Amino acid sequence: MKGPSFLKKSAGYLFLIIASIASVYPFYWMFVGSTLSDSDIFQSPPKLLPSGEFMNNITGLADSAPIWSALGNSLLISTIFTIATLYLCAIAGYAFAKYEFKGKNIMFVIVLVTMMLPHQVTLIPLFKMIIGFGWQDQPQAVILPALANAFGVFFMRQNMMSIPTEMIEAARIDGASELSIFHKIILPTSLPPLAALGILSFIQQWGNYLWPLIILQNRESTTLPVLLSQLVAPGQVVYYGQVLAGTVISIVPVLILFLLLQKYFISGIYGGSVKG
Amino acid sequence: MKRLSVWLSLLLVLTVFLTACSSGKDEKASSTEGKATITVASWNAAADALTEQIEGFNKKYPDIKVEVLHTDTGYSKVTPALAAGTGAPDIIQTQARDFPAFLQKFPDQFVDITDETKKYKDDFIESSWKSVTQDQKIYAMPWDVGPTALYYRTDLFEKAGIDVESVKTWDDYIEAGKKLKETFPDTAMTLYTDDFNLYEIFLNQLGGSYVKDGKINVNSPESEKALLLQKKMKDEGIAINVHDGNGRIPALTNDKVASVILPVWYAGTLSHSVEKQAGKWGIVPIPAFEVGGNTQANLGGSVLAVSKQSKNADAAFKFIEYVLTTDEGQKIMLKYGLFPSYTPFYKSEAFNSKDEYFGMELYPFFAKQTTTIKDMEYGPIMLDATKPLKDMIDGVLAGNDVKKMMGTTAESISKSTKLKVNH
């Protein structure tokens with residue numbers, strides 16, 4: 001009786017081990033590759049141990065492209081975007097979840113409809129608008145357009161539906177104002193979905209490519225994904241070591257954020273699926 | 001949770017503050033401006049080259065301020081501005097083959113520079129004027145060209161007993177590839193990528209065109225010949241698919257390939273990315289289709305055009321003139337691997353220096369490969385034709401009927417560009 005279950009178990013583990021090696025290997029190789037010189041990167045079989053070229057690659061990269069200012073811009077834009085999105089989506093989602101007002105359903109449908117609109121359709125009108133504001137090359141040109149996006153509002157609403165209305169009423173009876181109910185009761189109880197939405201928003205903005213590419217013309221104001229993509233192109237010499245070093249720089253912040261918020265992330269994602 | 005709300009309000013304030021102070025900065029900049037500022041949209045190494053040009057340019061024209069904007073090769077940065085009619089840079093770089101499509105898609109967006117360029121007519125390689133001319137008017141300045149050659153591993157050829165001098169035609173080349181396999185079973189003669197580079201080289205070598213007399217011409221006899229040659233190379237096992245430019249380098253590093261058919265700009269990649277093979281590479285003209293046939297072809301090359309949205313069109317042209325028609329300007333271009341279309345520069349000292357990696361005078365060799373390059377009409381289709389052309393080659397390589405593939409490709413390009421098909 002013990003035999004087959006043991007076999008089954010070890011087969012499962014074997015599969016998991018192979019799968020995890022397959023998914024971790026590219027990342028591992030990226031870190032190793034960033035420490036190799038260009039002519040070593042493409043050696044077959046691949047080198048699997050780091051070498052000492054990382055600082056060379058980084059300084060070479062910093063000489064040819066403003067990598068540090070791009071990192072700064074990416075951090076600034078993604079952080080402000082994430083925090084502002086969290087607050088705005090939470091407050092809008094709360095209104096849709098817990099208040100009754102005229103036209104609520106229609107408004108909610110309108111919000112959802114914007115979710116169906118492909119991003120590319122809005123590009124040219126948005127471009128005209130932002131140029132009209134004179135915001136070319138400014139970080140707010142990237143932060144503003146996707147703030148309080150429909151997905152975030154919808155996600156927060158679904159999660160907040162499960163907050164017991166009695167709790168809000170109790171606070172009201174105790175004399176709390178509507179805004180302090182939101183700040184002191186709703187926000188703290190919504191931490192898991194906020195963390196989940198936070199990670200999603202941060203990653204989305206961190207990897208945002210098309211819009212920053214279009215609106216941030218100046219190289220000093222550009223973001224990391226745009227800058228990195230410009231390092232590889234047909235018809236020119238590609239410095240692969242530098243590209244890999246740049247990729248390492250761009251991936252570390254996301255990695256840290258994810259590890260920090262991981263435990264909220266999973267519980268937050270499923271939060272809205274079961275109505276309490 | 002007081003702390004959280006304090007944090008949040010702090011950030012909101014920060015956002016507002018950021019908006020306020022950055023727009024303030026903007027006003028200041030425009031009020032102190034006394035001289036003309038021009039912006040140039042360009043990509044990668046080309047953009048780096050232009051950035052390096054600014055210093056020399058300002059010695060000549062101290063009153064013109066130049067800013068280089070780094071764009072992508074897919075034009076996502078300039079097309080919205082051209083479509084919106086606002087926000088475009090003063091000077092725009094496009095690939096030579098894409099420029100006719102720009103003229104068609106964005107009519108009246110580029111300055112007519114026919115009169116200004118008249119005196120340079122004979123200074124540039126003749127075929128390079130083709131794609132910047134529409135109705136006898138010139139709308140852009142040819143920048144670089146991509147004369148193509150056969151780069152080959154001298155050591156591998158020698159060990160396999162192949163005399164490169166005897167490889168006169170593509171058929172010889174395929175036979176040599178088979179001979180190479182006998183000595184080095186794991187090494188292919190050459191490689192190709194998932195695009196239409198090799199096809200375009202063959203097509204141009206044969207004097208074919210994508211568009212002829214305003215009609216789509218991808219179903220021409222030249223096109224068929226080009227497709228069949230690439231198919232033969234694949235079927236005979238002498239060419240391997242490495243998918244993209246990044247795939248070439250591991251194939252070369254690990255001796256999987258003994259030669260490549262690519263333009264002058266690949267010399268830079270070889271000497272940097274395959275540094276360890278220095279001294280092992282030779283360069284010869286590409287084989288001909290038949291004995292004594294054309295051994296020259298062009299792939300790539302860019303142009304610089306002045307946008308009609310520019311408020312300083314004269315200053316913009318002065319910059320183009322400086323970087324493309326002076327020795328100082330072209331010297332910097334060459335440093336970045338951009339092979340000039342401007343022929344007076346071929347006499348300069350910088351152009352004639354010896355290349356250490358190849359052990360030969362690299363650029364004079366390529367200058368000789370520009371004399372019989374055939375005119376090629378790209379037509380206004382290239383921004384829409386990329387995918388159909390790729391599909392056509394994939395289809396032919398997979399064994400589909402060549403004539404049928406050419407026909408469906410011509411129809412599909414016709415559908416998106418509204419151009420008629422040449423029958």
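Asp137(A) is found in the loop between helix H6 (123-133) and helix H7 (140-143) of chain A. Its phi is near 70°, a positive value in a residue other than glycine. The model is predicted. Chains A and B bury about 3,800 Å² between them, and the structure holds 21 salt bridges over all chains.

**Backbone geometry in chain A**

- Most residues other than glycine have a negative phi, and most peptide bonds are trans.
- Asp137(A), with its positive phi near 70°, is a residue other than glycine.
- Ser44(A) and Pro45(A) are joined by a cis peptide bond, with omega about 0°.
- The loop that holds Pro45(A) runs between helix H2 (38-41) and helix H3 (54-64) of chain A.

**Helix pair H4 and H10 of chain A**

- Helix H4 (residues 67-98) and helix H10 (residues 178-189) of chain A have axes that come within 12 Å and cross at roughly 105°.
- H4(A) is therefore roughly perpendicular to H10(A).
- On the H4(A) side the contact involves Tyr87(A), Ala90(A), Ile91(A) and Tyr94(A).
- These meet residues of H10(A), namely Leu179(A), Ile181(A), Phe182(A), His183(A), Ile186(A) and Leu187(A).
- By class, the residues of this contact between H4(A) and H10(A) are nine nonpolar, one polar and no charged.

**Interface of chains A and B**

- The size of an interface is often given as the accessible area lost when the parts come together.
- Of the roughly 3,800 Å² buried between chain A and chain B, 66% is on carbon and sulfur atoms.
- Chain A contributes 41 residues to the contact and chain B contributes 42 residues.
- Two salt bridges are found across the interface of chain A and chain B.
- Lys276(B) and Asp40(A) form a salt bridge in which the closest N and O atoms are 2.8 Å apart.

**Five-stranded sheet of chain B**

- An open sheet of five strands in chain B has the order S2-S1-S3-S14-S6, with mixed pairing.
- Strand S2 (64-70) and strand S6 (141-142) of chain B each have a single partner strand at the sheet edges, so one side of each is left without a neighbour in the sheet.
- Strand S1 (residues 36-42) of chain B pairs with S2(B) in the parallel sense over seven bridges.
- Within S2(B), Glu67(B) is the residue opposite Thr39(B).
- Helix H2 (residues 44-60) of chain B packs on the sheet and touches S1, S2 and strand S3 (91-95) of chain B, its direction making about 170° with that of S2(B).
- Helix H12 (residues 313-325) of chain B also packs on the sheet, touching S1, S2, S3, S6 and strand S14 (302-306), and its direction makes about 155° with that of S14(B).

- Three strands of chain B form an open antiparallel sheet in the order S12-S7-S13.
- Strand S12 (259-263) and strand S13 (281-284) of chain B stand at the edges with a single partner strand each, so one side of each has no neighbour in the sheet.
- From one strand to the next the twist averages 30°.
- Strand S7 (residues 148-153) of chain B pairs with S13(B) in the antiparallel sense over four bridges.
- Trp281(B) in S13(B) is the bridge partner of Arg153(B).
- Arg153(B) also forms a side-chain salt bridge with Asp255(B), at 2.8 Å from N to O.
- This pair links distant parts of the chain, 102 residues apart: Arg153(B) is in strand S7, and Asp255(B) is in the loop between helix H10 (245-253) and S12 of chain B.

Terms used. Residues are numbered from 1 along each chain as its sequence is written. Chains are lettered from A and ligands numbered from 1 in the order in which they are written. This is a predicted model: local features need pLDDT of at least 70, side-chain atom pairs count only at pLDDT 80 or more; totals for chains, interfaces and linings use all residues. Side-chain values use heavy atoms; hydrogens and water are left out. Two strands pair if DSSP finds at least two bridges between them. Helices (H or I, at least four residues) and strands (E, at least two) are DSSP runs, numbered from the N terminus. Contact means heavy atoms within 4.5 Å. Axes are lines fitted to C-alpha atoms, for helices over the stretch in contact, and angles run from 0 to 180 degrees between N-to-C directions. Angles under 35 degrees count as roughly parallel, over 145 as roughly antiparallel, 65 to 115 as roughly perpendicular and the rest as oblique. Ala, Val, Leu, Ile, Met, Phe, Trp, Tyr, Cys and Pro count as nonpolar, Asp, Glu, Lys and Arg as charged, and the others, Gly among them, as polar. Buried area is the accessible area (1.4 Å probe) that two parts lose on being put together, summed over both. A salt bridge is a side-chain nitrogen of Lys or Arg within 4 Å of a carboxyl oxygen of Asp or Glu.
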